[in-house]
Amino acid sequence: MTTPPPHIEFQDVTISYGKEIALRDISLTIPEQTIFSIIGPANAGKTTFLKSINRTLEFEPNAKTKGTILVHGTDISRIKNVYSLRRRIGMVFPLPVGLPLSVYENVAYAPRRAGIHDRQELDELIERCLKQSMLWDEVKDRLNLLGTKLSGGQQQRLTIARALSHKPEILCLDEFSIAIDPVTTMKIEDVLLELKKEMTIILVTNLVQQARRLADHTAFFNKSKMIEVGPTEKIFSNPEQQLTHDYVTGDFG
Ligand SMILES: Nc1ncnc2c1ncn2[C@@H]1O[C@H](COP(=O)(O)OP(=O)(O)O)[C@@H](O)[C@H]1O
Ligand SMILES: [Mg+2]
């Protein structure tokens, strides 16, 4: 068996906000076309990890990164056109942040800004993204409806459709199921397993069983440190660290 080349690599990455260290000495690799999940309690540094990959951490004036983050072997701090990097990486946040626009325009927003104005091309792209996020059947007859009028679960899938509209090679999801019901969560989980064939997925999840169901590899973060990383089955059934064991079995104080 050959190991696929790493899509993302962290080399001794330490991130701080002012004096506070949010992530300490993180080294890991994420292979292409896999689901990599990060589990861990609040304030472990999970969201900071995601924001470092597309360099949106730069919006935080006091954030400082040490170490190297590579995407396809390129040190991302050396990428001059940060927008080109951000387009390659889709982000989905915990609470749907639908733009006050129609369903159609929510998904068309990024492609239009990237210069796609041909109506047929946009129509096709929007249909593809809404199908990929398993929302199409529920909205195809009302694409002009305001996105904010959809249910919470539908809005979450709309944000996934938006994230897909610039054909990202990496899709990051931050606790996407926090505000949606279990049935919708399952639907989106199916979506992610399909999308994995085309992109690398980083899934920060508050549901450890979700990581177990979906992820090829899982990392456990706690108090700014990566306690353990490995194949998901190993993390759940035979972890090296007692802390990991306690967390995945729910015995965590
Ligand atoms: N913009 C910020 N300014 C200062 N501290 C922050 C900021 N964002 C996060 N932090 C701190 O960094 C640590 C990690 O936060 P975060 O990455 O959001 O963790 P998680 O997503 O695991 O809850 C926390 O202690 C948090 O308070
Ligand atoms: Mg977070």
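Modeller: Let's start with pockets. On a 1 Å grid over the protein atoms alone, a pocket is an open set of points with protein on both sides within 12 Å along at least five of seven lines, and lining residues have an atom within 4 Å of a point. A volume is the space filled by probe spheres set on the points, which are joined across faces, edges and corners. Two ground rules: this is a predicted model, where local features need pLDDT of at least 70, side-chain atom pairs count only at pLDDT 80 or more, and totals for chains, interfaces and linings use all residues. Residues are numbered from 1 along each chain as its sequence is written, and side-chain values use heavy atoms, leaving out hydrogens and water.

Biologist: How much space lies in the largest pocket?

Modeller: About 990 Å³. It is lined by 34 residues, and R86, R87, I89, A110 and H166 are the closest to its centre.

Biologist: Which element gives the largest share of that lining?

Modeller: α3, with six residues. Helices here are DSSP runs of H or I with at least four residues, strands are runs of E with at least two, and both are numbered from the N terminus. α2 (82-87), β6 (89-92), α4 and α6 also give two or more residues each.

Biologist: Which residues of α3 are buried?

Modeller: Buried means under 20% relative accessible area, with a 1.4 Å probe and protein chains only. In α3 that covers V103, Y104, N106, V107, A108 and P111. Counting contact as heavy atoms within 4.5 Å, they pack against α4, α5 and α6. Just after α3, G115 has a positive phi of about 100 degrees.

Biologist: How many disulfides does a search of the whole structure find?

Modeller: A disulfide is a covalent bond between the sulfur atoms of two cysteines; the test is a pair of those atoms within 2.5 Å. The search finds zero. For C129, the nearest cysteine sulfur belongs to C172, 17 Å away, which is too far for a bond. C129 is buried at 0% relative accessible area, and C172 also counts as buried, at 0%.

Technical notes: Chains lettered and ligands numbered in written order. Buried < 20%, exposed > 50% of the residue type's maximum accessible area, 1.4 Å probe, protein only. 1 Å grid on protein atoms, 1.4 Å probe; cavity = no way out; pocket = protein on both sides within 12 Å on 5 of 7 lines; lining within 4 Å.
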